[in-house]
Amino acid sequence: MNNYFKLLITGANGQLATALQHHPLAQSFQLIPCSRAELDITDEAAVTRVLDAHQPTIVINTAAYTAVDKAQNEPSQAMLVNAIGAKNLAQYCGAKRIPLIHLSTDYVFDGKQQRPYQEDDQPHPINVYGETKLLGEQAIREHCGEHVILRISGVFSEFGNNFLKTMLRLANEKETLDVVDDQITCPTYTGDIATALFTIARQPVWGTYHYCSAPPISWFHFAAEIIAKAQSIRTLMVSRVNAISSAHYPTAAKRPAYSVLDCAKIKRDYGLTTPSWQRAVQQIVPVLLEDN
């Protein structure tokens, strides 16, 4: 891969785009990270102007409205970014024959299934965030033939705001933490997602793919693993992590009870195996504790 392979990344200040920029494989590409200030994907004219100026080889859309509970009260804003913004990119990339890699979510499903969700299972979102992300997927399929939609779940990293960093912060502020134990997910490290995205960018196979870590776990057990690793390094204020039901932790947006993605297709087409979230926790918790 030569350095003229230009990869434009939207949402450059987000945790996934930041992970892409810090990844070792980034050196194989000429990255063009664009923050919202530099490229507002909800502005069709801005999309045309910026992409005309850069003429990228591939676009990776990490820009998204991801505040799941806030989206319930701001559906128009979530729609603007997740659906209209995706459509603007898809129309431009489709017309110019520029491959578009788009990040989507496990929240396009309702979580009522008892087996991991495959790419062709029927979506049925149960919150505004999931609804707007599904509309974004549909816009991309309609307007850009050369696309890859990558559905991911439970994103965490040393960057930005995420569950792992929240648990570490609360563990230093509270003696007891209550975490839901009846929502099953697959927490996925941004460094592993970045590896998948760079692999896809090198030789895209068009279509929709699932990518997440293993094994599936409840948010309570994920929190317990994070706290245990942190406590092996440093004494924390927290002394107990309690498992509670979703009914005892009401939120504005409903969450899928079972949010596990089947990753067999991406392994078959790209050779990408399911990474271990435990390895990532062991790797980044010490780094975060050093920084605080």
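A polar contact is a pair of N or O atoms within 3.5 Å, where within protein one must be able to donate a hydrogen and the other to accept it. I kept that cut-off in hand while going through this structure, which is a predicted model.

**Entry 1: H210 and its surroundings**

I began with H210, which has its place in strand 10 (residues 207-210). With the cut-off above, I noted a polar contact of 3.0 Å that joins the side chains of H210 and R151. I also found the backbone oxygen of Y117 at 2.9 Å from a polar atom of the H210 side chain. Is H210 buried or exposed? I recorded H210 as buried, because its relative accessible area is 0%, and buried means under 20%. Leaving out residues up to four places away in sequence, I listed what H210 touches, and the list includes F109, E119, L150, D262, C263 and I266.

**Entry 2: strand 10**

I then looked at the strand around this histidine. In a regular strand the side chains alternate between the two faces of the sheet. In strand 10, I saw G207 and Y209 point one way while T208 and H210 point the other way, and all of them are buried. Strand 10 pairs with strand 5 (residues 147-152) in the parallel sense, over four bridges, and I noted I149 standing opposite T208. For Y209, I looked up what lies over the ring and found the charged end of K265, 4.6 Å from the ring centre.

**Entry 3: aromatic pairs**

How many aromatic pairs does the structure hold? I counted eleven aromatic pairs in the structure. One of them, Y107 with Y129, is edge-to-face, at 6.0 Å centre to centre and with 75 degrees between the planes. This pair links distant parts of the chain, since Y107 lies in the loop between strand 4 (100-105) and helix 5 (128-143) and Y129 lies in helix 5, 22 residues apart. I marked both tyrosines, Y107 and Y129, as buried. Elsewhere I noted one aromatic cluster formed by F156, F163, Y189, W219, F222 and W277.

**Entry 4: helix 10**

At the N-terminal end, S276 caps helix 10, with a side-chain oxygen 3.2 Å from the backbone nitrogen of Q278. I checked the length last: at 1.5 Å a residue, the 15 residues (277-291) should span 21 Å, and the end C-alpha atoms are 21 Å apart, so the two agree.

Technical notes. Residues numbered from 1 in each chain as written. Predicted model: local features only at pLDDT ≥ 70, side-chain atom pairs only at ≥ 80, totals over all residues. Heavy atoms only, no water. Helix = DSSP H or I, 4+ residues; strand = E, 2+ residues; numbered from the N terminus. Expected span 1.5 Å × (residues − 1). Phe/Tyr/Trp six-rings, centres within 6.5 Å; stacked < 30°, edge-to-face > 60°. Buried < 20%, exposed > 50% of the residue type's maximum accessible area, 1.4 Å probe, protein only. Lys NZ or Arg CZ within 6 Å of the ring centre and 35° of its normal. Contact = heavy atoms within 4.5 Å. Pairing = 2+ DSSP bridges.
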